[in-house]
Amino acid sequence: MARQERTRAVSAATRTNLLALDQPALERFVKDLGWPKFRAQQILRWLYQERVHDIERMTDLSKAERARLSTLAVIDRIADCEVRRSSDGTRKFLLRLEDGLVIESVLIPDADRLTLCLSTQVGCTLDCGFCLTGQMGLKRNLTAHEMIEQALAVLDSLGPGERLTNIVLMGMGEPLANFEAVADAVTRLTNTRWGLGIPARRITLSTAGMASRLKDVAGLGINLAVSLNATTDAQRNRLMPAVNRLHPLNRLLAACRAYPLPPHRKLTFEYVLLAGENDSEQDAKRLTRLLNGIRCKVNLIPFNPFPGSPYRRPADSDVLRFQAVLRKAGFDALIRKSKGRDVLGACGQLGQLVSLHRS
Ligand code: SAH
């Protein structure tokens, strides 16, 4: 490491990263400096709405205040970011964290939407056999600011006419296994006074089915998606052993029925279709019985393969047949067009196969 870089790293380590502070912590920080409380909101606005990389840019703080703040704090943004573009317009962002681990976020353009898929863990707590991230094991939880940094890095890269419209917490990891940090990140994403101002109704959290924690999501005002993926416990134990052992189907569906859905909202159920595993007409019929009476829509996701995966994607005709059974029973069932498959950016394809060129 060059001397200059080493000096920077050492001094950065002893200063507080402003992005690591949530609103209450920043208010305490500002109070300890003897500054009025509204300084905290000004600083937050610079961090999230203006996305500045440098305290010097916070021009509604006096020069003296900026100098003082710079002796105690830094804005430590992730500098190491690489973008892979898919032929369908999807962009996959690889971000190298402070400790060298790499996370992935995916930006998905679709008609009038621009959706960002965020990671919540490095690797995953769970072991779903059809998901590449599940094969990595859990390296560690992401902090709230590492989740937000994904959004900041992507926003920095948008073209002039581009506006982020939706966020899905469906990247690497199980968000309900890292709930506190997820809740903090959601506050920063949604806050309109200083945060990114993304409406909660445009944010969706997807869980593999941690039944006892579903109710926590309701408090955030965001949408909930549940990855069901199977219609019997035997099948689900095979495909998603860790989560189904702890939260078997009957308990998961009971928690879904008890979920305090706001008016005009629906739960989403995701169902990965694996050829010969869970894609039969019988499965589709069982699914309609399981979901009977729940205000919901169903997203069917034909399996996205990754090197070494033991499963296959069903034929289009089988996918359509499965959908038809659900529709006939009155369900709103969509087939998710998986984008970004050529850069391993689609559902279930985020993981350790790809790493940054630079190392
Ligand atoms: N852990 C959370 C969020 C991450 S996965 C969850 O399980 O919901 C996001 C979605 O991708 C889930 O619905 C999951 O079932 C689906 N998925 C995982 N691997 C897949 C694959 N290889 N092909 C298609 N969908 C997959």
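Guide: Axes are lines fitted to C-alpha atoms, for helices over the stretch in contact, and angles run from 0 to 180 degrees between N-to-C directions. This is a predicted model, in which local features need pLDDT of at least 70 and side-chain atom pairs count only at pLDDT 80 or more, while totals for chains, interfaces and linings use all residues. Residues are numbered from 1 along each chain as its sequence is written, and side-chain values use heavy atoms, leaving out hydrogens and water.

Visitor: Why are H6 and H7 called oblique to each other?

Guide: Helix H6 (residues 144-157) and helix H7 (residues 179-190) pack at about 40 degrees, with axes 8 Å apart. Angles under 35 degrees count as roughly parallel, over 145 as roughly antiparallel, 65 to 115 as roughly perpendicular and the rest as oblique. H6 and H7 are therefore oblique.

Visitor: What makes Glu 149 count as buried?

Guide: Buried means under 20% relative accessible area, exposed over 50%, and partly exposed in between, with a 1.4 Å probe and protein chains only. Glu 149 has 2% relative accessibility and therefore counts as buried. Glu 149 belongs to helix H6. Leaving aside residues up to four places away in sequence, Glu 149 touches Leu 19, Asp 76, Arg 77 and Ile 78, where contact means heavy atoms within 4.5 Å.

Visitor: How do you know that the buried residues of H2 line one face of the helix?

Guide: In helix H2 (residues 23-32), Ala 25, Leu 26, Phe 29 and Val 30 are buried. Seen down the axis of H2, these buried residues fall within an arc of 135 degrees, so they line one face; the arc is that of the directions from the helix axis to the C-beta atoms. On the other side of H2, Arg 28, Lys 31 and Asp 32 are exposed.

Notes: Helix = DSSP H or I, 4+ residues; strand = E, 2+ residues; numbered from the N terminus.
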